Amino acid sequence: MKVGLGLPISEPGALLEWARHAEEGPFSTLALLDRLVYDNPEPLVALSVLAGATARIRLQTEVLLAPLREPALLAKQCATLDRMSGGRFTLGIGLGARRDDYEAVGVDVHRRGARLDEMLEVMRRVWSGGPSGEGIGPIGPEPGRRGGPEMLFGAFSPAGIRRAARVGDGFLCAAHLSDAGDLFRATETEWQAQGRTGRPRLVAQVNAALGPDHLIKEARDRLYDYYSGPQYMNLPAGFAEGAAAGLLTTPGQIRDTAIRMGDVGADEVMFYCWASDVTQVDRFAEALSGA
């Protein structure tokens, strides 16, 4: 099973060092989350920089809030990143749950699912080299992977799982280990119902930080801040507190989670790091060496 790292968002200037260091380790993928109304680097821009600093490791959005963007331009950006990285880009895509991200760009948050479906048609057409409209030529460049970069959908709802099975390459699961297996099985069942051949790629995401107490406190504080606030929709009361309390903080928890996620079918586990110190890379590599 592959293991990747979700990069911290608090120190954009340190991400080059993180990427170069992770490239030398056992990690398969580097990922960045996406928000608009938040103090985080824009993921496509940041991953483009990291692509030039690495040669092997994959680069992934986790997840890109596609409905905030214009589809033809987004398709061009993704194709460019995929082409220039040698086909190393995975487009993790989803809807998000913050009203203010949508209000900032004037997009109706209640239509975000329908808008995503409309965007996907445009993006697939762009990546296939088809015309952009009547009398309008195709949009290049051709992506590194024929038909477009690998695309994984992050979701919790049945509608999101259906979308992943219908048009995606797999499923990104940010749920707790106790729920991951059920979501993976639902994805596989829907994949078959859609008449797809083969199997979906299944990727798990968990929040983690390793190190002394001050790094753990930093990580918990950042995770709590990320999930707190009135703009989140459909989150149960106490979700931010629960997320912070559920942070994985010991090598044993890291090893056990990697093994157990593999047991429920994950092809890859992404450990999303909420502490900004680059020593996290070595700490995770050491923790995983016994998994």
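A salt bridge is taken here as a side-chain nitrogen of Lys or Arg within 4 Å of a carboxyl oxygen of Asp or Glu, and the views below come from a predicted model.

**View A. The salt bridge between R185 and E188 in helix α7.** The closest N and O atoms of R185 and E188 are 2.7 Å apart. Because the two residues are three places apart in helix α7 (residues 177-193), about one helical turn separates them. An α-helix has 3.6 residues a turn, so residues three or four places apart point the same way. R185 has a relative accessibility of 34% and therefore counts as partly exposed.

**View B. The salt bridge between E150 and R201.** In this pair, whose members are both buried, the closest N and O atoms lie 2.9 Å apart. E150 belongs to strand β6 (residues 150-154) and R201 to strand β8, so the pair ties together parts that are 51 residues apart in sequence. Through salt bridges that share partners, E150 and R201 are joined with R58 and E268 into one network.

**View C. The salt bridge between R98 and D100.** The side chains of R98 and D100 meet with an N to O distance of 2.6 Å, and both residues are buried. A search of the whole structure finds 17 salt bridges.

**View D. The buried residues of helix α11.** Within α11 (residues 279-288), the buried residues are Q280, V281, F284, A287 and L288. Seen down the axis of α11, these residues fall within an arc of 135°, so they line one face of the helix. Their cover includes strands β1 (2-6), β8 (201-208) and β9 (268-273), together with helices α1 (15-23), α8 (213-227) and α10 (251-263).

Conventions
Residues are numbered from 1 along each chain as its sequence is written. This is a predicted model: local features need pLDDT of at least 70, side-chain atom pairs count only at pLDDT 80 or more; totals for chains, interfaces and linings use all residues. Side-chain values use heavy atoms; hydrogens and water are left out. Buried means under 20% relative accessible area, exposed over 50%, partly exposed in between (1.4 Å probe, protein chains only). Helices (H or I, at least four residues) and strands (E, at least two) are DSSP runs, numbered from the N terminus. The arc is that of the directions from the helix axis to the C-beta atoms. Contact means heavy atoms within 4.5 Å.
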